[in-house]
Amino acid sequence: GGGEGFLDPVAGVKYRLQTGVSGKTPDLAFVAQATIPAGSPDFRVRRSQPTLKLAGYHQLDAANGAGWNVVWSNLGPRGATFDQWAISGYWACTLDAKTASFVELYHLMPASKGGPNSTFVDAGVTYLLDKATQIDLRIASALDQRRDGWFIGSGVALRC
């Protein structure tokens, strides 16, 4: 099984709950987002799929930080939806004024409707085009023997 193409794009908003103090308290944010059913035919879901996140980030030193996410999503097409929970942890490193790298470990519960839970790892880079626009590129793979393959992804974040 499998296919090629693009997933449905995602639009959302992020609300800062707390501004962290380096080495003491984390940045905390709430994220609400939903898919827009406009992906490639093999991957399109013909309804918006909502996601809610609680995100934390700890600045460890001038270049390094660690973050985490707790995520709930309602996925799948009408009549076959399911709730998915996810947790993740990541490390990020600032490379220069515009570029950073990251590595993330995340666990999906379940990975698909009626399926098992699965763990993934991804790594990538982010780049600031300007003060309000960031792009990213990442590559990921499942760590479970029952899941095969790898995938790449990219994104654009706009600050309003």
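Student: Which side chain of opposite charge is nearest to Glu104?
Tutor: In this predicted model, that is Arg138, 6.8 Å away. Glu104 is buried and has no salt bridge.

Student: Okay, what does the side chain of Glu104 make a polar contact with?
Tutor: With the side chain of Ser88, at 3.1 Å. Glu104 itself sits in strand β6, residues 99-109. Leaving out residues up to four places away in sequence, Glu104 touches several others, including Asn69, Tyr90 and Phe120.

Student: Now Asp8. Where is Asp8 found?
Tutor: In the segment before β1. Asp8 is another buried residue without a salt bridge, and its nearest side chain of opposite charge is Arg44, 4.7 Å away.

Student: Which backbone nitrogens lie by the side chain of Asp8?
Tutor: The backbone nitrogen of Gly39 lies 2.7 Å from a polar atom of that side chain, and the backbone nitrogen of Val45 lies 2.9 Å from one. Both Gly39 and Val45 are also on the list of residues that Asp8 touches, along with others such as Thr35, Pro37 and Gln49.

Student: Switching to the surface: which residues make the nonpolar patch?
Tutor: Tyr15, Leu17, Phe30, Leu52, Leu54, Val70, Trp85 and Ile87 make a patch of about 750 Å². The elements that give two or more residues to it are β1 (10-18), β3 (50-59) and β5 (82-94).

Student: And Trp85, which strand is it in?
Tutor: Trp85 is in β5. Its relative accessibility is 45%, so Trp85 counts as partly exposed.

Student: Last one, Leu158. Buried or exposed?
Tutor: Leu158 is exposed, with a relative accessible area of 62%. You'll find Leu158 in strand β9, residues 150-158.

Student: What is Leu158 in contact with?
Tutor: Setting aside neighbours within four places in sequence, Leu158 is in contact with Ala132 and Thr133.

Student: How far are the C-alpha atoms of Leu158 and His58 from each other?
Tutor: They are separated by 22 Å, and the two residues are 100 residues apart along the chain.

Terms used
Residues are numbered from 1 along each chain as its sequence is written. This is a predicted model: local features need pLDDT of at least 70, side-chain atom pairs count only at pLDDT 80 or more; totals for chains, interfaces and linings use all residues. Side-chain values use heavy atoms; hydrogens and water are left out. Patches are made of residues with over 30% relative accessible area and no salt bridge: like charges are joined within 9 Å, nonpolar side chains (Val, Leu, Ile, Met, Phe, Trp, Tyr) within 5 Å. Accessible areas come from the Shrake-Rupley method with a 1.4 Å probe; for residues, only the protein chains shown count as cover. A salt bridge is a side-chain nitrogen of Lys or Arg within 4 Å of a carboxyl oxygen of Asp or Glu. Helices (H or I, at least four residues) and strands (E, at least two) are DSSP runs, numbered from the N terminus. Buried means under 20% relative accessible area, exposed over 50%, partly exposed in between (1.4 Å probe, protein chains only). Lys and Arg count as positive and Asp and Glu as negative; His and the chain ends are not counted. A polar contact is a pair of N or O atoms within 3.5 Å; within protein, one must be able to donate a hydrogen and the other to accept it, and residues adjacent in sequence count only if both atoms are side-chain atoms. Contact means heavy atoms within 4.5 Å.
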